[in-house]
Amino acid sequence: AMGGVFPLLCAEGVRDADASGHGVSRVILANVLGATAGPLLTGFVLLEVETLQHNILLLSVACLVIAQVLWWFAPETSRRQAGAAVAAVVALVMLGIQTPLYTLFLERLHFGTDGYTPGYDYIVQGRDAIVGVWPSRFEYGDGLYDGGFFTNPVTNENMISRAYFVTALHPKPRRVLEIGVGTGSWARVLADNPATDSLTIVELNPEYVRMMFHFPTEASVLDDPKVDLHFDDGRRWLARNPARRFDAIVINGTWHWRSGATHILSAEFLQEAKQHLTPGGVLYWNTTGSLDVIYTAAGVFKHVTRYLNFVAGSDAPFAVDSATRRAAIDAYRGPNGSLPFAPGGAYVDARQELIDTPTEDVAPDFRRANDLWYVTDDNMATEFKTNGAGKWWRDLPARVFRPERAWTSVLF
């Protein structure tokens with residue numbers, strides 16, 4: 001039915017056969033203007049002020065009203081009053097079924113027909129993202145897991161111990177940059193580090209910050225005097241602030257295969273971030289299990305180490321001794337002076353694990369690998385690489401520009 005609108009408009013709007021080309025072009029122009037204005041209005045305005053469900057209702061009613069206006073002014077139309085009554089009834093039906101029709105709508109999109117009850121505890125919608133939190137306090141952005149609202153290193157539901165592990169990578173990270181605030185749990189832990197004087201956070205989507213206000217512990221970091229929050233793309237912010245330097249840059253990024261992940265995983269981005277590190281500074285980011293990400297890190301940094309699914313890169317060796325780690329961990333104070341590593345019980349094991357975990361340099365081993373991809377902005381390997389596709393001729397352009405790689409590794 002929608003496909004039939006355009007030829008009907010042409011047939012109705014072009015009466016002069018001699019000027020058919022001019023008439024059709026005007027119809028096409030109107031179509032292009034509408035097709036452009038529609039997504040702009042919906043994507044940049046309506047989705048920012050209303051939810052997806054309410055926008056569906058709003059646009060449905062708007063289409064109904066426009067259809068009724070056209071019906072009313074049509075020259076050969078009879079029974080205009082009856083048409084208006086039908087349109088009013090349909091609009092009332094739309095309003096009546098809106099709530100039951102769209103209950104758990106986003107949950108069904110996310111989880112399918114099974115497993116979507118009891119639904120999200122909280123939902124924040126905007127033009128940048130739809131963020132939902134399950135009753136288990138785990139957060140999903142646009143249907144993918146983004147983290148949990150936990151800062152306890154013992155229960156460690158969201159592997160928050162990775163945030164505390166910064167104490168094992170740099171002895172005194174006074175100036176820290178976090179790209180992507182997520183749930184805010186990482187920001188809370190990074191700000192609580194006694195060695196940190198300032199924490200700069202760059203977040204692209206305001207919806208994540210709005211969600212934090214449902215969780216007082218994480219939201220408290222927004223009022224911390226050492227925290228400076230910017231709404232921007234992390235890579236763009238770095239390019240716009242070439243003079244800023246940090247002792248540690250932390251990125252708890254999304255899945256490596258997700259659309260756009262190359263933006264913060266490519267060698268070009270790592271080189272950009274590296275320029276913003278102080279001497280001995282550390283870049284610490286999430287691989288989400290991708291060995292290609294670690295391989296790329298080994299091509300950019302002299303020294304690389306791993307902790308769980310995170311990788312750290314630096315041009316200085318990782319040499320924070322156990323005594324320094326212990327002192328930093330014991331000095332931690334959470335909000336209201338709470339102790340994240342209280343004496344006794346399981347806290348002892350969690351504390352000792354952070355103190356004793358080695359920071360072995362894995363860069364030499366990964367540089368010798370010949371079955372991994374060097375991630376670049378051009379090949380977008382983490383997003384498009386498939387199993388068995390890592391042939392030497394596909395990876396040749398990246399390897400040619402890797403002077404530290406021997407030519408024999410290209411062929412074998």
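Mentor: Let's start with an open sheet of four strands, in the order β1-β2-β3-β4, with antiparallel pairing. The model is predicted, so local features need pLDDT of at least 70 and side-chain atom pairs pLDDT 80 or more, while totals for chains, interfaces and linings use all residues. Residues are numbered from 1 along each chain as its sequence is written, and side-chain values use heavy atoms, leaving out hydrogens and water.

Trainee: What makes β1 and β4 stand at the edges?

Mentor: Each has a single partner strand, so one side of each is left without a neighbour in the sheet. A strand here is a DSSP run of E with at least two residues, and a helix is a run of H or I with at least four, both numbered from the N terminus. From one strand to the next, the twist averages 20°, with axes fitted as lines to C-alpha atoms (for helices over the stretch in contact) and angles from 0 to 180 degrees between N-to-C directions.

Trainee: How do you know that β1 and β2 pair?

Mentor: Pairing asks for at least two DSSP bridges between two strands. Four bridges join β1 to β2 (residues 130–133), and the two run antiparallel.

Trainee: What is the strand order in the open sheet of seven strands?

Mentor: The order is β7-β6-β5-β8-β9-β11-β10, and the pairing is mixed. At the edges stand β7 (227–231) and β10 (303–307), each with a single partner, so one side of each has no neighbour in the sheet. The twist in this sheet averages 15° from one strand to the next.

Trainee: What makes the crossover from β8 to β9 right-handed?

Mentor: The chain goes from β8 through helix α11 (residues 267–274) to β9, and this β-α-β crossover is right-handed: with the strands pointing away from the viewer, the path from the first strand over the helix to the second runs clockwise.

Trainee: Why is asparagine 156 called partly exposed?

Mentor: Its relative accessible area is 22%. Buried means under 20%, exposed means over 50%, and partly exposed is in between (1.4 Å probe, protein chains only). Asparagine 156 therefore counts as partly exposed. It also has a positive phi of about 55°, although it is not a glycine, and it sits in the loop between β4 (144–148) and α6 (161–164).

Trainee: How do you know that methionine 159 is partly exposed?

Mentor: Methionine 159 has a relative accessible area of 31%, so it is partly exposed. That residue is in the loop between β4 and α6 as well, and its phi is a positive value near 55°.

Trainee: How do you know that β8 is mostly covered?

Mentor: Six of the six residues in β8 (residues 246–251) are buried.

Trainee: Which residues form the nonpolar patch on the surface?

Mentor: Leu40, Leu41, Phe44 and Val45 form it, with about 380 Å² of accessible area together (Shrake-Rupley method, 1.4 Å probe; for residues, only the protein chains shown count as cover). Patch residues have over 30% relative accessible area and no salt bridge; like charges are joined within 9 Å, and nonpolar side chains (Val, Leu, Ile, Met, Phe, Trp, Tyr) within 5 Å. A salt bridge is a side-chain nitrogen of Lys or Arg within 4 Å of a carboxyl oxygen of Asp or Glu. Leucine 40, in helix α2 (residues 20–49), has 44% relative accessibility and so counts as partly exposed.
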